[in-house]
Amino acid sequence: MAPRRGPKSGKPSPAGSWAMSGQKPPTNVDSATAAAVWRGCCNPDGDTEHLRTYIRTELLPAFPAVEAARFASLPARDGVDRISLLPDALLRNIVSRLFVTEAAATALLASRWRRVWLSAPLVLSDAYISPRGGSPPITDSVSYILEAHPGPFGCVHLVSSRMGAHQAQLARWLDLLAAKGVQELVLLNRPLPLDVPLPATLFSVTTLTRLYIGLWKFPDVARIPRGTSFPYLRELGICSVVMEDGDIESVIARSPVLKVLSIQGNNKGLRLRIVSQSIRCVQICGSVLESITVVKAPLLDRLILEGPRGNTGGFSTRVLIGDAPKLHALGILEPGNHILETRDIVAGIKPTSRTMLTSVKTLSLKVRFGNHNDVKMLPTFLRCFPNLEKLHITSGKCDFEAGSARLNLKFWELAKPTENVKSCIKVLSFREFRGEIGEVAFIKFFFRNARVLESASISMANPSVTPFCTDEAFSKASKASDKTVSKSEINMVVLGSTGPEGGSLWNFKKGADYTFDDPFSAVQMRVTKDGE
């Protein structure tokens, strides 16, 4: 089998490995932003702005009007105003799709248009309010709009103000949003400081279907009035928010239809218990995660733990999967950092049919192939997923230990394949390949045992970030994957990369996008109604 060669890492295409799939590359923050996010360097104001940029571009939902076309119209040749002939219901629909400044400007046309604007659902983002000389600051403009418009508020994104000095205004905004029935709300503070408290009036906004908050201190849940709930909340995102233990669980318990929970940048040491009859997707990235316990989540099908920061004292993250019968996609587990438990079994102990995660079909792992302990744990992790069909592996960098290369090479030469490698796994992706001995030994092991493999990709690391000989690495990848026992014709490709070290930062939109079957795949396959 001769693999198809993607762009060489030495001369990559502008979009790196994304060019091979025909997909538009994702909008990534630059390497300096990535470094600032993962190091947690949030002292200089510049670094917090990097963090804020990452949150806005990769984690927050897109503002609806951003993707809409901006209309430019010319007067009709016969001078007839046909737009004004349209019924009010259609005009309200049109006005609700405009930027708030443009929508408000229609009220100047005539008294009828003012009536239309005031009766159209408000779509507001303060990112599109640009103060000019002599105009009021953004916070005053937001206050005026929220006071003047009677509602309802369909979508409100407030992401451009430093709210530390505007606590009274923020509390008033939340009162107005609660009274006027906002459905989608995004609140992002402008750092510094990073611990500006969100007013407890946030809990009075019970009409929300989607809520994202970033760079705040979470409100005191003890002040939530008894009986308060969020009956329509389907999506909750929490980005770099200072929280106490139990805060998230309190909100989950009050959200009976919550589908998606996304958390980023928790530095304290998060201990999370998931008990929900409705939740489908939980994704946690760039956080100090001490433990996550899925107690009872009958609909949970995606659990994504990406880019964990080191816990104090070097302790591992405990991942306990209890009652989650529909869990389909799990990752990004690190054998050197995660302790996986399924009810009463711990990865490292021989699993039984009762304790295996039989529902998981897609698994993503990050393995340091230069670390012998990581390597020894990899087969043990794989045995916990007997029905695995898609395996994504990212090779992690590490300091090489004396003699580890020889030990790892010998390990894979003698290792016995797990049953899922032999008879279940159809798709393999291997990322951040540098041609190291441990990486090559694993790929040889996998290809000589994977009998039903149909598709495989090996993506190189970026040589400008991690220097290595790309031609030599490509040759090693080709030879390692050449001898295969698969009964199928394997679609094999080797790709270059221009991305940041370790791959692109996690994107909440990708993780929660159910139009795609596999949240870990770089080449996404869209899900259709007929399953094609």
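Which elements cover the buried residues of helix α7? The cover includes α6 (138–148), β3 (153–158) and β4 (184–188), where contact means heavy atoms within 4.5 Å. The structure is a predicted model, in which local features need pLDDT of at least 70 and side-chain atom pairs count only at pLDDT 80 or more, while totals for chains, interfaces and linings use all residues. Residues are numbered from 1 along each chain as its sequence is written, and side-chain values use heavy atoms, with hydrogens and water left out.

Helix α7 comprises 13 residues, 167–179; helices (H or I, at least four residues) and strands (E, at least two) are DSSP runs numbered from the N terminus. From its first C-alpha to its last, α7 reaches 19 Å, close to the 18 Å expected at 1.5 Å a residue, the expected span being 1.5 Å times one less than the number of residues. Leu170, Trp173, Leu174, Leu176 and Leu177 of α7 are buried. Buried denotes under 20% relative accessible area, exposed over 50%, and partly exposed in between (1.4 Å probe, protein chains only). Exposed Ala168 and Ala179 are carried on the face turned away from the buried side. Just after α7, glycine 181 takes a positive phi of about 70°.

A nonpolar core is a set of buried Ala, Val, Leu, Ile, Met, Phe, Trp, Tyr and Cys residues joined through side-chain atoms within 4.5 Å. The largest such core has 107 residues, and those with the most contacts inside it are Leu261, Leu391, Phe442 and Phe446. Helix α12 (residues 437–447) supplies the largest share of this core, seven residues. A second, separate core of 19 residues includes Val159, Leu188, Ala329 and Phe520. Leaving aside neighbours within four places in sequence, the contacts of leucine 391 include Leu363, Leu365, Ile425 and Phe446.

Phenylalanine 218 is found in the loop between β5 (210–214) and β6 (235–239). This phenylalanine 218 is buried, with a relative accessible area of 9%. Not counting residues up to four places away in sequence, phenylalanine 218 touches Phe203, Ile213, Ile238, Val241, Val242, Met243, Asp247 and Val251. The C-alpha atoms of phenylalanine 218 and leucine 198 are separated by 5.9 Å, although the two are 20 residues apart along the chain.
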